Number of protein chains: 2
Amino acid sequence: MGFTTPKMKETIKKHTGKRVSDDAANSLGEILETFAGDISEEALAITRENGRKTVRDDDIREALK
Amino acid sequence: MGFTTPKMKETIKKHTGKRVSDDAANSLGEILETFAGDISEEALAITRENGRKTVRDDDIREALK
């Protein structure tokens, strides 16, 4: 699992049109993984508050606020 | 390209242990795509300032600040 080097490289390249170092791609992957984890944990708290078994769209959106 | 529904579902599930709706997975994908784009564009400005052809790790890290 994870945000792979090729995928992150492609993402940065799409937005910049530049060459992208492997380290830069790996850094973005780590940043996104951390951010996704933070959002997920916040969403989990909301899902639990509502006594639900499924993380819903609203939970993710609310977690961002 | 993009952060696929199955990949985002797996990410949320890993962090929550809950079931995850397709819409929730798609929302996280959109959020990460936007965030990755913002970081990339900020990194691009730094890469350009330094007159380089390659986006480096430092540019990505600096872009977050």
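This is a predicted model: local features need pLDDT of at least 70, side-chain atom pairs count only at pLDDT 80 or more; totals for chains, interfaces and linings use all residues.
Residues are numbered from 1 along each chain as its sequence is written, chains are lettered from A and ligands numbered from 1 in the order in which they are written, and side-chain values use heavy atoms, with hydrogens and water left out.

View 1

**View 2. Chain A from end to end.** Three helices and two strands make up the secondary structure of chain A; helices (H or I, at least four residues) and strands (E, at least two) are DSSP runs, numbered from the N terminus. Their order from the N terminus is α-β-α-β-α. The radius of gyration of chain A is 15 Å, well over the 11 Å that the globule rule gives for 65 residues, so chain A is more spread out than a compact globule. This radius is taken over C-alpha atoms, and the globule rule is 2.2 Å times the number of residues to the power 0.38. Along the principal axes, the C-alpha atoms of chain A fill a box of roughly 45 × 20 × 15 Å.

View 3. Helix 2 of chain A covers residues 22-49 and has 28 residues. From first C-alpha to last it reaches 41 Å, close to the expected 40 Å, where the expected span is 1.5 Å times one less than the number of residues. Just after this helix, Gly51(A) takes a positive phi of about 60°.

View 4. A nonpolar core is a set of buried Ala, Val, Leu, Ile, Met, Phe, Trp, Tyr and Cys residues joined through side-chain atoms within 4.5 Å. The largest one has 32 residues, of which Leu32(A), Ile60(A), Leu32(B) and Ile60(B) touch the most other members. Helix 1, helix 2 and helix 3 of chain A, together with helix 1, helix 2 and helix 3 of chain B, each give two or more residues to this core. Not counting residues up to four places away in sequence, Leu32(B) touches partners including Leu32(A), Phe35(A) and Met8(B); contact means heavy atoms within 4.5 Å.

View 5. Is Ala36(B) buried or exposed? Ala36(B) counts as buried, at 0% relative accessibility; buried means under 20% relative accessible area, exposed over 50%, and partly exposed in between (1.4 Å probe, protein chains only). This residue lies in helix 2 of chain B. Beyond residues up to four places away in sequence, Ala36(B) touches Thr11(A), Leu28(A) and Leu32(A).

**View 6. Lys53(B), in a loop.** Lys53(B) sits between helix 2 (22-49) and strand 2 (54-55) of chain B. At 60% relative accessibility, Lys53(B) counts as exposed. Lys53(B) touches Lys18(A) and Arg19(A), leaving aside residues up to four places away in sequence.
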